[in-house]
Amino acid sequence: MKTIGIIGGITWLSTLDYYKLLNQMMNDKLGGVSSAKIILYSVEFAEIKMLTQAGQWDGIAAIMCNAAQQLEKAGADCLLIGANTMHKIADEIQASVKIPVIHIAEETAKEVSLKQLKTVALLGTKYTMQLDFYKSKLQDKNISVIIPHDEADIEFMNDAIYNEMGKGIFLPETKERFIKIIEALIKRGAEGIILGCTEIPILIKQEDSSVPVFDTTNIHARAAVTFALN
């Protein structure tokens, strides 16, 4: 079994999900009392949030590349960046280490392709929704991507992720508005919904949508377990 390295703490709530999923999935594959070999480097989220909001991606890259190098030195055979938004600097992180970075958007694009969907909605931070680093991985597979039309909806989701979910707050009224946003995207032609923030699957489940939802945390973890057992 190979060792999975995780850059976590972005946020620690979704990192808990990663740890649980990786071990559960490994046990499902191997049975008995088997679990995953994991090395975790947990960053300080307040620092990351501040740099993100200031647009200081070079500063984030320095922190993340250092974390990646420490994981490689500690014996990790592959790397998970435990947040969708941080994949904006996935190429820089990959360039800083020799071990493979398993890219969350690439793995999600594979899953969407398997379902033969042509148009999906992408939910996440405003950076994930509005910048090209995530959408391009889907478009490479000839998948069209839509995001909310309304700037207020984009800001609402971004604020909920950073100021509620990042603190472990999952409010019924927040869920209700997320569901309304999802329903509007389905009316615009979304055949699937990508939960493109690793906290959103804690709030939104498949039963909340009439079309398939793609839990990116689950997809990412499954890809890592497949790598570890290959």
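Biologist: How many bridges join β1 to strand β2?
Modeller: This is a predicted model, to start with. In it, five bridges join β1 to β2, residues 38-42, and the two strands run parallel.

Biologist: Which residue in β2 is the bridge partner of isoleucine 6?
Modeller: Leucine 40.

Biologist: And β1 itself, is it enclosed or open?
Modeller: Largely enclosed by the rest of the structure, because five of its five residues are buried. Ile4, Ile6 and Gly8 cover one side, Gly5 and Ile7 the other, and all are buried.

Biologist: What comes before β1?
Modeller: The segment there contains methionine 1, ahead of β1 at 4-8. Methionine 1 has 41% relative accessibility, so it counts as partly exposed. Together with Leu30 and Leu229, Met1 makes a nonpolar surface patch of about 250 Å².

Biologist: Different topic. In what order do the strands of the four-stranded open sheet run?
Modeller: β5-β4-β6-β7, with parallel pairing. β5 (144-146) and β7 (213-215) are the edge strands, each pairing on one side only. From one strand to the next, the twist averages 30°.

Biologist: What packs on that sheet?
Modeller: Helix α11, residues 216-229, which touches β6 (192-195) and β7. The helix direction makes about 50° with that of β7.

Biologist: Back to β4, how many bridges join it to β5?
Modeller: Three; β4 covers residues 119-123 and runs parallel to β5. Valine 120 stands opposite valine 145 in β5.

How values were computed:
Residues are numbered from 1 along each chain as its sequence is written. This is a predicted model: local features need pLDDT of at least 70, side-chain atom pairs count only at pLDDT 80 or more; totals for chains, interfaces and linings use all residues. Side-chain values use heavy atoms; hydrogens and water are left out. Patches are made of residues with over 30% relative accessible area and no salt bridge: like charges are joined within 9 Å, nonpolar side chains (Val, Leu, Ile, Met, Phe, Trp, Tyr) within 5 Å. Accessible areas come from the Shrake-Rupley method with a 1.4 Å probe; for residues, only the protein chains shown count as cover. A salt bridge is a side-chain nitrogen of Lys or Arg within 4 Å of a carboxyl oxygen of Asp or Glu. Buried means under 20% relative accessible area, exposed over 50%, partly exposed in between (1.4 Å probe, protein chains only). Two strands pair if DSSP finds at least two bridges between them. Axes are lines fitted to C-alpha atoms, for helices over the stretch in contact, and angles run from 0 to 180 degrees between N-to-C directions. Contact means heavy atoms within 4.5 Å.
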